[in-house]
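Here is a friendly briefing to read alongside the structure. It goes through surface charge, aromatic pairs and salt bridges in turn.

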Amino acid sequence: MENADLAKIFYETAELSELKGDNVFKVRAYENAARNLEALSKNVEDIYRSGGVKALTEIPGIGQSIAEHIEEIVKKGTFKKYRDLKAEFPKDFIKMIEVPGIGPKTAMTLLKELKIDSIGKLEKAIKAGALEKLRGMGKKKEANILKGIELKKRSVGRFLLPDAIARANAIVDHLNKLKEVEKLVPAGSLRRWQETIGDIDILVISGSPEKVMAAFTSFSEVDRVLAKGPTKSSVLLKNGMQADVRVVEPRCFGAALAYFTGNKQHNILMRERAIKMGYKLSEYGLFKKEKFVCGRTEEELFRCLKLDYIPPELRQGTDEIELAEKGRLPRLIELSDIKGDLQMHSTWSDGNNRIEEMAAYGKKLGYDYIAITDHSQAVRVAGGMDEKQAAKQLKEIDRINGKLKGIMVLKGIEVDILGDGKLDLPDSILREMDVVVAAVHSRFKMPKKEMTDRIIAAFNNKYVNLLSHPTGRVIGKRDPYEVDMERIIKEAKATGTFLEINAYPERLDLNDIHTRMAKEAKVMLSIDTDSHLDRQLENMVYGVETARRGGIEAKDAINTRPLPQLLKLLKQKR
């Protein structure tokens, strides 16, 4: 049972409890439990098996009742409250709630009024015009729901990075217990850190491939064996993800790893280069006619092709081979280059942890600074702060900094960009901030030009340092809003505004393509986690990997700077 599985159960329990009208505090308890479990780096089932319910209660945010529910889930795969709630609703009802544009209340209305209890029935009803009789359900709403259904369909079979990594790590840990395994490396899109993953590819060196295949196909997380052979097997995991394991010979391991890591276009370009040099390249190695030349390691393979080593994240079939040939590959940013995180939330808005706790976790990660950027007043559902509350928080941060050692808490705010481009807090409070993060949280359906003008208007405020999650997308849940990214990047450069790579796994916004565009325009970036929980600060790795996919170096990001240099950059517009 992976943490993501547990979190999903508690998220669904919260949704169904809310629909049933349960106590709001119970609903929030389930949601908080899900968030805490989702962010936990250690496997919850391992914690339980090593220390029982008592050990579970030592996890931040997990009380006795939730711990007992976790115990029941570990033992039975579910717990009574969840089973009882699911029994009260149609089988496919939860899937319908997950469609962007619907939500629990609309779903309940559809169920009660029109007996619609599945995505299939919903799609048919919209196309037949059956929803038009419902109050508040106009053509625009119907169109948005249809878009949500299409987005949901596109997301089928794709998994977010944390879930895919957790599944891959579980397989790796399981197979590494075999003394017959000499080497084992996950490859594929996971090794390139694609924003979503379709399946898992793992390569193994072993003198006993049959034992590796037996261990893999009998793994407890396997739902169904799709194919089992002497050196390759494919399975379907319990979360619906496919995983393939291949045992390859030591002499061709590097060639196989390169082949199964690069995307299709990258591999085509590599083969073409080999042919021009008089070689033949395959997953089995580099050959001169029938003679094996090299392929034991990736480094050896690139060297034989007269290329610098190309990091996995850059193997995308763009210009990486040309750059590698000329010795001009970027020296990609590393997680260790990050000196601090400039976007996160505390209990002053919708965060789960106090400012001191966020600072303590930042210090644990070796940061020199963090910025607390709670929401401004327009985001009411997130408990956004008005001017008086923001001023009060500034004093609190001063008090906290007076006690802290080894890390500085910067004063910040995530201020909302209103529909007309104005900010929802006055300059009189923004000027007191060390960092002002501007963001769009409403009216996502604005036409492209209006949305672009709206954002650029915020850039012209001299106190705005940074545009957060610039396209507003939530992977698998909300498409990016219509915005002219070329204009956004151009105006960011002209106004001295920085752009964010939001490391939250469901955002990764800017994506790698827009990140590359920003680098080419010499617009500096900030890689931030947008954390709402202290342990989410560890999501920084996903932002750094997105940056690496965009060719970003340490010098391209502002939060690789020591504090004095960072503060100077933040004040350059004023």
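**Surface charge and side-chain contacts**

K147 is exposed, with a relative accessible area of 53%. Please keep in mind that this is a predicted model. Across the structure there are 10 aromatic pairs and 44 salt bridges, and a few of them are picked out below.

**Positive patch**

- K147 sits in helix α9, which covers residues 139-155.
- On the surface, K147 gathers with K140, R443 and K445 in a patch of positive charge.

**Aromatic pairs**

- Of the 10 aromatic pairs in the structure, one is formed by F10 and F79, whose ring centres are 5.5 Å apart; their planes meet at 35 degrees, so the pair is tilted.
- F10 belongs to helix α1 (residues 3-20) and F79 to the loop between α4 (64-76) and α5 (80-87), so this pair ties together parts that are 69 residues apart in sequence.
- F10 is buried, at 0% relative accessibility, and F79 is also buried, at 0%.
- Another pair, Y259 with F260, is edge-to-face, with 4.9 Å from centre to centre and 90 degrees between the planes.
- Y259 is partly exposed at 32% relative accessible area, whereas F260 counts as buried at 13%.
- F10 and F79 also belong to a cluster with Y30 and Y82, linked by ring pairs.

**Salt bridges**

- Side chains of opposite charge can pair when their charged atoms come close.
- E88 and K20 form a salt bridge in which the closest N and O atoms are 3.2 Å apart.
- Since E88 lies in the loop between α5 and α6 (93-97) and K20 in helix α1, the pair ties together parts that are 68 residues apart in sequence.
- R516 and D319 meet in a salt bridge at 3.5 Å, N to O.
- That pair links distant parts of the chain, 197 residues apart: R516 is in helix α22 (residues 512-520) and D319 is in the loop between α15 (298-304) and α16 (320-326).
- R516 is partly exposed at 22%, and so is D319 at 29%.
- E545 bridges to R548, with 3.8 Å between the closest N and O atoms.
- E545 and R548 are about one helical turn apart, because they are three residues apart in helix α23 (residues 540-549).
- E545 is buried at 11% relative accessibility, and R548 is buried at 11% too.
- A network of salt bridges links R354, E356, E357, E396 and R399.

Definitions and conventions: Residues numbered from 1 in each chain as written. Predicted model: local features only at pLDDT ≥ 70, side-chain atom pairs only at ≥ 80, totals over all residues. Heavy atoms only, no water. Patch = residues over 30% accessible without salt bridge, like charges linked within 9 Å, V, L, I, M, F, W, Y side chains within 5 Å. Areas by Shrake-Rupley, 256 points an atom, 1.4 Å probe, with all protein chains shown as cover. Salt bridge = Lys/Arg side-chain N within 4 Å of Asp/Glu carboxyl O. Lys, Arg positive; Asp, Glu negative; His and termini not counted. Charge placed at Lys NZ, Arg CZ, Asp CG, Glu CD. Helix = DSSP H or I, 4+ residues; strand = E, 2+ residues; numbered from the N terminus. Buried < 20%, exposed > 50% of the residue type's maximum accessible area, 1.4 Å probe, protein only. Phe/Tyr/Trp six-rings, centres within 6.5 Å; stacked < 30°, edge-to-face > 60°.
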